[in-house]
Amino acid sequence: MSRPNALGEYLRARRELTDPADAGLPVVGVRRTPGLRREEVATLAGISADYYLRLEQGRDRNPSPQVLQALARVFRLDATATEHLLSLTTARPAAPRRPRREVVPLGIRQLLDTINLPAFVESRMFDVLAVNRLATAVSPNIRPGVNRLRALFLDLAEQDLHPDWEQAVRGMVAGFRTSVGSDVDDPRIVRLVGELSLASDTFRRLWARHDVTPLAGGTMRLRHPRAGLLELRREKLPISDSGGQILAVYHAEPGSASARALEALGSWEAGEARSTTSADTGTA
């Protein structure tokens, strides 16, 4: 099997998405191909057209950082995308990957049980590893064993939770690209990407763009069947020495309608948990 050409695929995607006018080129007549031509990229980056062609075709996989920085300027990449581009040339020894069980640190598990906000831990592949009850009350798909990327694309109930679904999936696919980095040949990632590419035209289109975005917090809206519209802030905190695990926490602006709705959701969940416990133990 030929080696994956992550660098070449990324360069080609960025080239096709770059508007010639944004690159400072005059646009005359109808262009038959989207974005920039290879020769134009080479000229703007100050390298030969033949050398750029070798980069896209994967015949040269170790360009200098200076060349990559020049290409990043041509494609108008931000800091996150530039860092991603540089990471695609990092040489790593080929080693067999053995699936390993992800272990969430004990202290983080205790924090989940203590914090009075929806919170969960996810892996670098967006698999949910640990949750608290309030997180699952916000979305049934926030529970151990569920892949959040798969749920957002394939579960209709999860899609109904997101009034801004198109924006949500665009950000999640770009975040997934950032999270897995150049490790796209990992068999687990290959299987997930293959499954979603076959099942969703939207995923296939977004994956082909090679967009990346910082793994940072942001705002989100959820249309909850019980709590109504929730406008939340999402924080993503990396867990050190955990192989890429992230602690995600949802919270609302203090005193807002969303904060009151979230508090009510917590009270409902706590009451239902007490009822379940009483029923299990046979107490009144």
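Analyst: A residue is called buried when its relative accessible area is under 20%, exposed when that area is over 50%, and partly exposed in between. The model is a predicted one, and the labels below are applied to it.

User: What makes Phe126 count as buried?

Analyst: Phe126 has a relative accessibility of 3%, and the cut-off for buried is under 20%, so Phe126 counts as buried. Phe126 is found in the loop between strand E1 (119-122) and strand E2 (128-131), and it has a positive phi of about 70° although it is not a glycine.

User: Is Arg76 buried or exposed, and how do you know?

Analyst: The relative accessible area of Arg76 is 57%, and exposed begins over 50%, so Arg76 is exposed. Arg76 sits in the loop between H4 and H5 and has a positive phi of about 55°, although it is not a glycine.

User: Why is Leu229 called partly exposed?

Analyst: With a relative accessible area of 43%, Leu229 falls between the limits of 20% and 50%, and therefore the label is partly exposed. Leu229 lies in strand E4 (residues 228-238) and, leaving out residues up to four places away in sequence, touches Pro163, Arg221, Leu222 and Ser258. The C-alpha atoms of Leu229 and Leu77, which are 152 residues apart along the chain, are separated by 35 Å.

User: At what angle do H4 and H5 pack, and which residues of the two helices meet?

Analyst: H4 and H5 pack at an angle of about 145°, with their axes 10 Å apart, and their crossing is right-handed. Pro65, Leu68, Gln69 and Ala72 in H4 meet Thr82, Leu85 and Leu86 in H5. The classes in the contact of H4 with H5 are five nonpolar, two polar and no charged residues.

User: What makes a set of residues a nonpolar core, and which members of the largest one touch the most others?

Analyst: Such a core is a set of buried nonpolar residues joined through side-chain atoms within 4.5 Å. The largest nonpolar core has 25 residues, of which Leu11, Ile47, Tyr52, Leu71, Phe75 and Leu85 touch the most other members. Two or more residues come from each of helix H1 (6-17), helix H2 (38-45), helix H3 (49-57), helix H4 (65-74) and helix H5 (79-87), and H4 gives the most, with six residues. Phe75 touches Leu11, Arg14, Arg15, Thr18, Leu36, Val41 and Tyr52, not counting residues up to four places away in sequence.

Terms used:
Residues are numbered from 1 along each chain as its sequence is written. This is a predicted model: local features need pLDDT of at least 70, side-chain atom pairs count only at pLDDT 80 or more; totals for chains, interfaces and linings use all residues. Side-chain values use heavy atoms; hydrogens and water are left out. Buried means under 20% relative accessible area, exposed over 50%, partly exposed in between (1.4 Å probe, protein chains only). Helices (H or I, at least four residues) and strands (E, at least two) are DSSP runs, numbered from the N terminus. Contact means heavy atoms within 4.5 Å. Axes are lines fitted to C-alpha atoms, for helices over the stretch in contact, and angles run from 0 to 180 degrees between N-to-C directions. A crossing is left-handed if the near helix is turned anticlockwise from the far one by less than a right angle, and right-handed if clockwise. Ala, Val, Leu, Ile, Met, Phe, Trp, Tyr, Cys and Pro count as nonpolar, Asp, Glu, Lys and Arg as charged, and the others, Gly among them, as polar.
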